[in-house]
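Visitor: I have a protein model to look at. Can you walk me through a few of its details?

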Amino acid sequence: MSQQAPTREVARRVFAAEFNDAEYTFKESDDERAPQYLLLPSGERANRIFVVGTLTETEDVGEDSEYWRGRVVDPTGTFYTYAGQYQPDAAAFLRDAEPPTYVAVVGKPRTYETDDGTVNVSLRPESITEVDAATRDRWVVETAQRTVERVRAFSPDTDEYDGLAAEEYGGDVERYRRAAVEALESLDSESDTEAEAEGAGQASL
């Protein structure tokens, strides 16, 4: 009987505000090939992450070889993504990119502990692509919807992962709902600003 190839995990949508609070990782079996998950504070387990935001900065932080860091900003905060020789396409994208530009990133969450004991989380990209403003806006709307759904369904007493998240992070998930609402409001304010600018431009003609 032939073995089935492992299926890819769904890439979860999450805002930077929640992603950067996450630090607990786990595997569900002792198999060395078992996927590693990042537990989000709202109870979602994530093996892959999908984010869209503004690439505001790139830098080669490698010492012996190229190792590129990209700073990707969404309405709630900042993601950091790192790509080196094992992610050649993503590294090449960051090398050639001209910030600021909208990008979509699919990647694996990675945690690392600093010298002072702080745990930081970043993305190891599987892919980085340039996108337009409409794609960024759709991502914000869909991510806000997913976030609000997770917050509403958060039930530490009845759900295993929610319970673990409450134990690890304290269970205050309402702030992620607020962040989602503020992210949506930021789109409205951007639209208003663009409309005002367009109106001013037409008035001056």
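Here is a short tour in questions and answers.

Guide: This is a predicted model, where local features need pLDDT of at least 70, side-chain atom pairs count only at pLDDT 80 or more, and totals for chains, interfaces and linings use all residues. Residues are numbered from 1 along each chain as its sequence is written, and side-chain values use heavy atoms, leaving out hydrogens and water.

Visitor: Is glutamine 87 buried or exposed?

Guide: Start with its place: the loop between β7 (77-83) and α2 (88-96). Helices (H or I, at least four residues) and strands (E, at least two) are DSSP runs, numbered from the N terminus. Buried means under 20% relative accessible area, exposed over 50%, and partly exposed in between (1.4 Å probe, protein chains only). Glutamine 87 has a relative accessible area of 14%, so glutamine 87 is buried.

Visitor: Which residues does glutamine 87 touch, not counting residues up to four places away in sequence?

Guide: Contact means heavy atoms within 4.5 Å. Residues up to four places away in sequence are not counted. That leaves Tyr82, Arg124 and Pro125.

Visitor: Why do the buried residues of α4 line one face of the helix?

Guide: Helix α4 (residues 160-169) has the buried residues Tyr161, Asp162, Ala165 and Tyr169. Take the directions from the helix axis to the C-beta atoms; the arc is that of these directions. Seen down the axis of α4, the buried residues line one face because they fall within an arc of 100 degrees.

Visitor: Which residues are exposed on the other side of α4?

Guide: The buried residues of α4 pack against β2 (24-27), β3 (36-39), β4 (45-46) and α3 (133-153). On the other side, the exposed residues are Glu160 and Glu167.

Visitor: How many residues apart are phenylalanine 19 and phenylalanine 79?

Guide: Rings of Phe, Tyr and Trp (its six-membered ring) pair if their centres lie within 6.5 Å; planes under 30 degrees apart count as stacked, over 60 as edge-to-face and the rest as tilted. Phenylalanine 19 and phenylalanine 79 form a tilted pair, 5.4 Å centre to centre with 45 degrees between the planes. Phenylalanine 19 lies in helix α1 (residues 16-19) and phenylalanine 79 in strand β7, so to speak distant parts of the chain, 60 residues apart.

Visitor: Which residues form one aromatic cluster?

Guide: Tyrosine 24 and phenylalanine 26 form a stacked pair, 6.0 Å centre to centre with 25 degrees between the planes. The cluster is Tyr24, Phe26, Tyr37 and Tyr161.
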